Amino acid sequence: MTNKTDFSINKKLKTLSLIAIIFTTLSLASCANQQSTTLYEQLGGMEKLELIANNFVNEIAFNEEIYSYFEETNIERFTEKLVEQLCVMSNGPCTYTGDSMAQVHAGMQITENHFNLTVDLFVAAMDKAEVPHRLQNQLLKEMAKTRDEMLYK
Ligand code: HEM
């Protein structure tokens, strides 16, 4: 036998359970958002970084002005170190084992023009790897931080 009071308590309990379920669902959803994936994961991991780096080497090879800097370079090592660096810059699970940006670019007297041109080639490499512009910008922001370490040195 249920009386009117029991019925109203039941109704309140149901409402409370519903609120609890909604609250838990919302918290779980926001938790999932907080553990947001790294830029490395969003880009598509190692495979995508290798594609970008290889495309970049290709762009350099077809640009006389920038290629002149790379004539003596061991391209295999350059590609490998660049991939490591891109991985670190995008918060991926890598360690950069190359030389510091200041060391490696010392004596090259890189001008602002050539720096910008190199960035254009890198953007073309990302475009060809179909990296969305939103992610390109995030990676470029990290790369831009290295600028002062290499200009006119
Ligand atoms: C946009 C930012 C840049 C980044 C993140 C970057 C990154 C790197 C990395 C990771 C290496 C390999 C380091 C190693 O071998 O230990 C490297 C080497 C090199 N970079 Fe850059 N670089 C940038 C801009 C430039 C520019 C603007 C130029 C010239 C116009 C340039 C010319 C070179 C050359 C010639 C090498 C090879 C040096 C050698 O033969 O040992 N880089 N760079």
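Predicted model: local features only at pLDDT ≥ 70, side-chain atom pairs only at ≥ 80, totals over all residues.
Visitor: Which helix gives the largest share of the shell around the ligand?
Guide: The ligand is surrounded by 23 residues, with Thr73, Lys81, Gly98, Asp99 and Thr118 as the closest. Helix H4 (64–70), helix H5 (75–89), helix H6 (101–105) and helix H7 (112–128) each contribute at least two residues to that shell. The largest share amounts to five residues, and the helix that supplies them is H5.

Visitor: How many residues of the shell around the ligand are nonpolar, by class?
Guide: Sorting the shell by class gives seven polar residues and four charged ones. The remaining class in that shell, the nonpolar residues, has a count of 12.

Visitor: Why does histidine 105 count as partly exposed?
Guide: Histidine 105 is found in helix H6, and UniProt, in an unreviewed entry, places the feature "binding site" at His105. A residue is buried if 20 or more other C-beta atoms lie within 10 Å of its own, and exposed if 12 or fewer do. Because histidine 105 has 18 C-beta neighbours inside 10 Å, its class is partly exposed.

Visitor: Which residues is histidine 105 in contact with, leaving aside its neighbours within four places in sequence?
Guide: Histidine 105 belongs to helix H6, and here its neighbours within four places in sequence are set aside. The contacts that are then listed for histidine 105 are Ile110, Met150 and Lys153.

Definitions and conventions:
Residues numbered from 1 in each chain as written. Near = placed C-beta within 6 Å. Helix = DSSP H or I, 4+ residues; strand = E, 2+ residues; numbered from the N terminus. Nonpolar A, V, L, I, M, F, W, Y, C, P; charged D, E, K, R; others polar. UniProt positions renumbered as here; feature names shortened; annotations may be inferred. Contact = placed C-beta atoms within 7 Å.
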